[in-house]
Amino acid sequence: METGTSRVKRGMAEMQKGGVIMDVMSAEQAKVAEAAGATAVMALERVPSDIRAAGGVARMCNPKVVEEVMKVVSIPVMAKARIGHYVEAKVLESLGVDYIDESEVLTPADEVYHISKQEFTIPFVCGAKDLGEALRRIQEGASMLRTKGEPGTGNIVEAVRHLRLINGQMRKVQNLSKDELYHEAKVLGVPYELLLGIHETGKLPVVNFAAGGVATPADAALMMHLGADGVFVGSGIFKSDSPEKFARAIVEATTHYEDYKLIAEVSKDLGAPMKGIEISKLEASQRMQDRGL
Amino acid sequence: MRIGVLALQGAVAEHMRSIEAAGGEAVAVKSTEQLDELGGLIIPGGESTTIGKLMRKYGFMDAVRSFSAQGKPIFGTCAGLIVLAERIEGQEEAHLGLMDMTVARNAFGRQRESFETDLPVKGIDEPIRAVFIRAPLIKEVSSKVEVLSTYNDEIVTARQGNLLACSYHPELTDDYQLHAYFLNMAVEAAVAKR
């Protein structure tokens, strides 16, 4: 009997496929998310748009809130640790959370090094905006990936950019010759063996979800259409006018992302989605996606 | 033999790959109309609460019950096992309620307690590599249900006529014995029908 194997950690993410993972800030919100059909919840103190508004340093969620969330739902509970913050991750592991998100949404604790994730029993998800980042995170031990997008903006454009870029880069790698692969590994700054895997299978070895900017059912369906395995929704649900309706509608649109009539139907009477931010209005220092490369 | 994999949420592609590796034809099932053309149905691993909700929403509960009543085989893995069970510990409502057994969700604990192991299964030659992820257990079965394997004295694989269920994930490995076993159930059911 072996725990914490790569198959057990990656397999846990496989079970989330086609699902929606929702940010929640309290036990009460976690119940709403579960009742709406979320496949997991992400416990955090503030959703990204509030982090953006509040400024200052954003840290791991209070363990008390994490425990309260774990108590009230039977679906998996994830929580965020700061990039490079080994101890926050160990604390979350000791609480028994099911997945850790080493996340650029929080203020990085280390500007160079990510957490060495292999040595943990529980799995990690990490953000990536290109194939280089994606494979570096896998090499460090991430068992699941997600696009970075631009969190807390309600603007899908960055998540689209990241997913398209990663998929386009994978198609290119598939067509490289062996000598070109050695060079490409150097250019991307990734291990040759991982790149060879992409070359042979045309796929990432772990699940890749969309995240960062999903605000409407149509946004979620667009990311599925572009090849995401599932969707994280951060501020999009609990910053909308009617969280319960938005949560249910996004779950349905993710499952039936090719059924446009259904997406139209579930998008009626939702009230206003979260207010969005145009990306060009963000200062360089406000761009979360540029953290942790 | 054409086998459908219920594609509302969860590890659909892995089951399709395993069925094809075992010699069957696999179809992703998103609507009830697709059931007619199938010789068997797999309810995959995923989140049972999500899968159950979406099944209700899109009319799968009655459709799958009548699929089963025709004697066509159904195979539930992990969340699929929970969906098949008549009784779920700590919950008032079951989902399909087809197999006469009581199951406990997340019975081994949280993700850090998830594991893999070699598991002998009755009717299958070699022990299979079983991956348990926040897995459920079968706590109690009636005399209608045959126990095919146990782990630490707890039931993890069971069959009731045309229904097969396991609490682990055979679809996450390259071991296709259990899928071949299920394909054979579908072939036998089709022959019996003729």
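## Enclosed space

Helices and strands here are DSSP runs, numbered from the N terminus; a helix has at least four residues and a strand at least two. In chain A, strand E9 (231-233) and helix H11 (235-238) each supply at least two residues to the lining of the largest cavity. The model is a predicted one.

That cavity has a volume of about 190 Å³. Its lining holds 23 residues. Nearest the centre lie A:Pro48, A:Pro151, A:Ala211, A:Gly212 and A:Gly234. By class, the lining has nine nonpolar, eight polar and six charged residues. The structure has three cavities of 30 Å³ or more.

The second largest cavity holds about 130 Å³ of space. It is lined by 14 residues, and those closest to its centre are B:Gly46, B:Glu47, B:Cys78, B:Asn106 and B:Arg134. Eight of the lining residues are nonpolar, three are polar and three are charged.

## Open pockets

The largest pocket has a volume of about 1300 Å³. It is lined by 47 residues. Nearest its centre are A:Glu14, A:Lys17, A:Lys203 and A:Asp229, together with B:Glu14. Several elements each supply at least two lining residues. From chain A these are helix H1 (6-14), helix H7 (157-174), helix H9 (192-201), strand E8 (207-209) and helix H12 (243-255). The lining divides into 18 nonpolar, 15 polar and 14 charged residues.

About 160 Å³ of space lies in the second largest pocket. Its lining includes A:Ile51, A:Arg52, A:Gly55, A:Gly56 and A:Ala58. A:Val105 and A:Thr107 also line this pocket, as do A:Ser285, A:Gln286, A:Met288 and A:Arg291. Four of the lining residues are nonpolar, five are polar and two are charged.

## Salt bridges

Side chains of opposite charge can pair when their charged atoms come close. Over all chains, the structure has 36 salt bridges.

In chain A, A:Glu88 and A:Arg82 form one of them, at 2.8 Å from N to O. A:Glu88 is buried because its relative accessible area is 5%, under the 20% cut-off. A:Arg82 has 13% relative accessibility, so this residue also counts as buried. A:Glu133 meets A:Lys148 in another salt bridge, at 3.0 Å from N to O. This pair links distant parts of the chain, 15 residues apart. A:Glu133 lies in helix H6 (residues 131-140), and A:Lys148 sits in the loop between strand E7 (144-147) and H7. Both A:Glu133 and A:Lys148 are buried.

In chain B, B:Glu116 forms a salt bridge with B:Arg129, with the closest N and O atoms 2.9 Å apart. The partners are 13 residues apart: B:Glu116 is in strand E7 (residues 115-119) and B:Arg129 in strand E8 (residues 128-132). B:Glu116 and B:Arg129 are both buried. Shared partners join A:Glu2, A:Arg7, B:Glu116, B:Asp118 and B:Arg129 into one network of salt bridges.

## A nonpolar surface patch

B:Met1, B:Val187 and B:Val191 make a nonpolar surface patch of about 230 Å². B:Val187 lies in helix H5 (residues 177-193) of chain B. The relative accessibility of B:Val187 is 36%, so this residue counts as partly exposed, between the 20% and 50% cut-offs.

Technical notes: Residues numbered from 1 in each chain as written. Chains lettered and ligands numbered in written order. Predicted model: local features only at pLDDT ≥ 70, side-chain atom pairs only at ≥ 80, totals over all residues. Heavy atoms only, no water. 1 Å grid on protein atoms, 1.4 Å probe; cavity = no way out; pocket = protein on both sides within 12 Å on 5 of 7 lines; lining within 4 Å. Points joined across faces, edges and corners; volume = space filled by probe spheres on them. Nonpolar A, V, L, I, M, F, W, Y, C, P; charged D, E, K, R; others polar. Patch = residues over 30% accessible without salt bridge, like charges linked within 9 Å, V, L, I, M, F, W, Y side chains within 5 Å. Areas by Shrake-Rupley, 256 points an atom, 1.4 Å probe, with all protein chains shown as cover. Salt bridge = Lys/Arg side-chain N within 4 Å of Asp/Glu carboxyl O. Buried < 20%, exposed > 50% of the residue type's maximum accessible area, 1.4 Å probe, protein only.
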